[in-house]
Amino acid sequence: MTTSAPPPLVAIDDLHVVYPPSRASRDLAGRGRPVRAVDGVSIEVRAGEVLALVGESGSGKTTLAMALMRLVPATSGRIVYRGEDITRLVGAGLRRLRRRFQIVFQDPYESLDPRQTVGDIVLEPLLIHGVGATGGERTILVTRALESVGLTPAEEFVGRFPHQLSGGQRQRVSIAAAMILEPDLVVADEPVSMLDVSVRAGILRLILDLRAARGFACLFITHDLSLAWVLADRIAVLYLGRVVEIGPAGSLFSSPRHPYTRALISVVPMPRPGAHRTQEILEGETPSPASTPTGCRFHPRCPLRRRLGNPEICERVDPALEPVGPEWAVACHFAMEEPDARPGA
Amino acid sequence: MSLLEIDDLSVRFPTSRGEVRAVDRVSFRVERGEMLGLAGESGCGKTTTALAVPRLLPDAAVVEARRIALDGRDLVPLSEHEMEAVRWRDVAIVFQGAMNALNPVQSVRDQILEPIRLHEPEVSGAAARARVDELLEQVGISIRRGRDYPHEFSGGMRQRVMIAMALACRPKLLIADEPVTALDVMIQAQILALLRDLRDELGIAMILISHDLSVIAEACDRTVIMYAGRVAEAGGSGPMFEHPAHPYTRALIGAFPDLTSERVLIDGIPGAPPDLRAIILGCPYVPRCPLAIERCRVEQPALREVGAGHLSACHRAEDVA
């Protein structure tokens, strides 16, 4: 990054989130392995950008976002928001921060209180943060918020309950409640994965349109690299609590450097002819974050390592994120091997 | 003779606010050793259609069919008792939501063993246990993990257990209802590869139900697209996804990013599927269709051949680009 670049909205520096060992994993003496859900992540979120966090279950993408929002405590490392260290913020300071960061959850069937009306759900953040001088003023804000997410006319929706809405409409209610405090950062955690394909585009377009109109940054969490590709400005690929590749969405997708990114792209299903390209299906599943492999954490499943005859460095040395191009960094000892081996091309 | 022949299947659900016509005169075939995809949005009747084959619909369902023939034998006139012998042994199902479908207090081995005990009592204990070992191996679970319980498995591994259970009585037809929904992409690819391998190895036919057309496109030889309880389009997956002959199929394809093209946001399908309690005169897709003309509103399009083995229920099939 050049010195003229604006300071990031949020800068995360060497963040670790370690959960104590689960009860099931402990031995008779009560010893167990702690779970390193986020294991040394440094990443910036820039004002107004869409940054996609991509990874499988257990990659730490959701924990990373939750730690950033101060919803789970960081074990070590620093989170800096607009120049202020917020890692250990408490009390009134933390409450002020809560206004600035909002989240849209995956499942609109579970994230909305079934006993609250749509109007009350969207009103609640205003009451919690004491926004709006009068009831009348708050009603206007609620109406505007509902109309901004396409629930028009708002009067038709305020009195309804979540069960009277479709999945897409529910997700719009979640978005209205997240937007009403005009946040700087919105975390969208798999916001369309529970929705029918026919309504996904509408929700994604809404998020992009609102972002364009209001300039908030969006952290878009998904396991689907193809959605990240069409939606995000930058993509960060996570594996076992680490960023293994980060870069501009277009270039990362067209010539991925990390063998894990390549494999993820090769298995994106497509309803298109010519979709039957060479898939690189990785064997097994992501290991538990309670037993991270030595060296490069991807080495036991890495197809590139196998093709290179199992170089010893991969199991010995943990690769750092190194720049491979403008704004582009990869954590792989052999990132420059097979530069044009784009799966699916 | 095809393995499965469904002729004019209709399923209605009487409700207090009128009758829901969930499936409306659906006909299609499944060939031996074929993977057939059944696709469409939620509520289009794909699961209802498939569950009518092993007669697993709720009691309230009114099912009518001219013929549902499996391996040449018509299942429609069979008694409930006779159908019990068809389930598991001839047709088995992998249900959606692997966690909820497995028994949490029974080991995985015992759950795979159960259908063999119940439906093939003539098989000895030792032979049944040997078959469980073989099944575990076939679905890629190490034999020693058989003693574990469902909660000790990941989502992908539980889905493998479900597949092993479904294969326990060596059925001719496997119905997999959203088998990879809610799994990560890499695990999805693993499970789809497993299903294809099992098909090749065992020669078993499969109906794969999914709302996700991309999953169907990756796995299935032929695809039936359903809309509002009817077949909208059917044909070989390759030609159909290359040249869709129904605007609904076209729109479903457009709901996925095209990785071979420019980076543009996906398209949605405006509107919603029709209320299936209403009598629909013309084509049910008219309110959402960019190609609809007057004829579409008044005349229900019949399924007609638009290419070799390629059927479309659209008056303007030739104009779908």
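**Exercise 1. Find what share of the contacts in chain B with a separation of 6 or more joins residues 24 or more positions apart, then describe the chain as a whole.**

Solution. Start with the contacts: in chain B, 65% of those with a separation of 6 or more are between residues 24 or more positions apart. Keep in mind as you work that this is a predicted model.

Next, count the secondary structure. Chain B holds 11 helices and 13 strands.

Then turn to the dimensions. The C-alpha trace of chain B spans about 65 × 50 × 40 Å along its principal axes. A compact globule of 321 residues would have a radius of gyration near 20 Å, and chain B has 20 Å, so the two agree.

Last, look at burial: 49% of the 321 residues in chain B are buried.

**Exercise 2. Work out how H3(A) and H6(A) are oriented to each other, and which residues make their contact.**

Solution. Locate the helices in chain A: H3 covers residues 118-128 and H6 covers residues 167-179. Their axes lie 7 Å apart and pack at an angle of about 25°.

Now apply the cut-off. Angles under 35 degrees count as roughly parallel, and H3(A) and H6(A) are therefore roughly parallel to each other. Their crossing is right-handed.

Then list the residues. H3(A) brings A:Val118, A:Ile121, A:Val122 and A:Pro125, while H6(A) brings A:Val173, A:Ala176 and A:Ala177. By class, this contact between H3(A) and H6(A) has seven nonpolar residues, no polar and no charged.

**Exercise 3. Now try H4(B) and H5(B): find their orientation and the classes of residue in their contact.**

Solution. In chain B, H4 runs over residues 108-119 and H5 over residues 125-138. The two axes come within 10 Å and cross at roughly 125°.

H4(B) makes a right-handed crossing with H5(B).

On the H4(B) side the residues are B:Arg109, B:Ile112, B:Leu113, B:Ile116 and B:Arg117. They meet B:Ala128, B:Arg131, B:Val132 and B:Leu135 of H5(B). Sorted by class, the contact of H4(B) with H5(B) has six nonpolar, no polar and three charged residues.

**Exercise 4. Find how many residues each chain gives to the contact between A and B, and which helix supplies the largest share of the chain A side.**

Solution. Count by chain: 33 residues come from chain A and 37 from chain B.

On the side of chain A that touches chain B, helix H7 (197-214) and helix H8 (225-231) each supply at least two residues. H7(A) provides the largest share of that side, with eight residues. The classes on this chain A side are 17 nonpolar, nine polar and seven charged residues.

**Exercise 5. Decide for B:Ile253 and B:Gly254: buried or partly exposed?**

For burial, the threshold is 20 or more other C-beta atoms within 10 Å. B:Ile253 has 21, so B:Ile253 is buried. B:Gly254 has 19 C-beta neighbours inside 10 Å and therefore counts as partly exposed.

Now check partners, leaving out residues up to four places away in sequence. B:Ile253 is in contact with B:Leu213, B:Phe241 and B:Pro244, and also with A:Pro271 from chain A. B:Gly254 touches B:Ile266 and B:Asp267.

Finish with two distances. For B:Gly254 and B:Val62, 192 residues apart along the chain, the C-alpha separation is 35 Å.

Note on methods: Residues numbered from 1 in each chain as written. Chains lettered and ligands numbered in written order. Predicted model: local features only at pLDDT ≥ 70, side-chain atom pairs only at ≥ 80, totals over all residues. Axes fitted to C-alpha atoms, helices over the stretch in contact; angles between N-to-C directions. Helix = DSSP H or I, 4+ residues; strand = E, 2+ residues; numbered from the N terminus. Parallel < 35°, antiparallel > 145°, perpendicular 65-115°, else oblique. Left-handed = near helix turned anticlockwise from the far one by under 90°. Contact = placed C-beta atoms within 7 Å. Nonpolar A, V, L, I, M, F, W, Y, C, P; charged D, E, K, R; others polar. Rg over C-alpha atoms; globule rule 2.2 N^0.38 Å. Buried ≥ 20, exposed ≤ 12 C-beta atoms within 10 Å, placed from the backbone.
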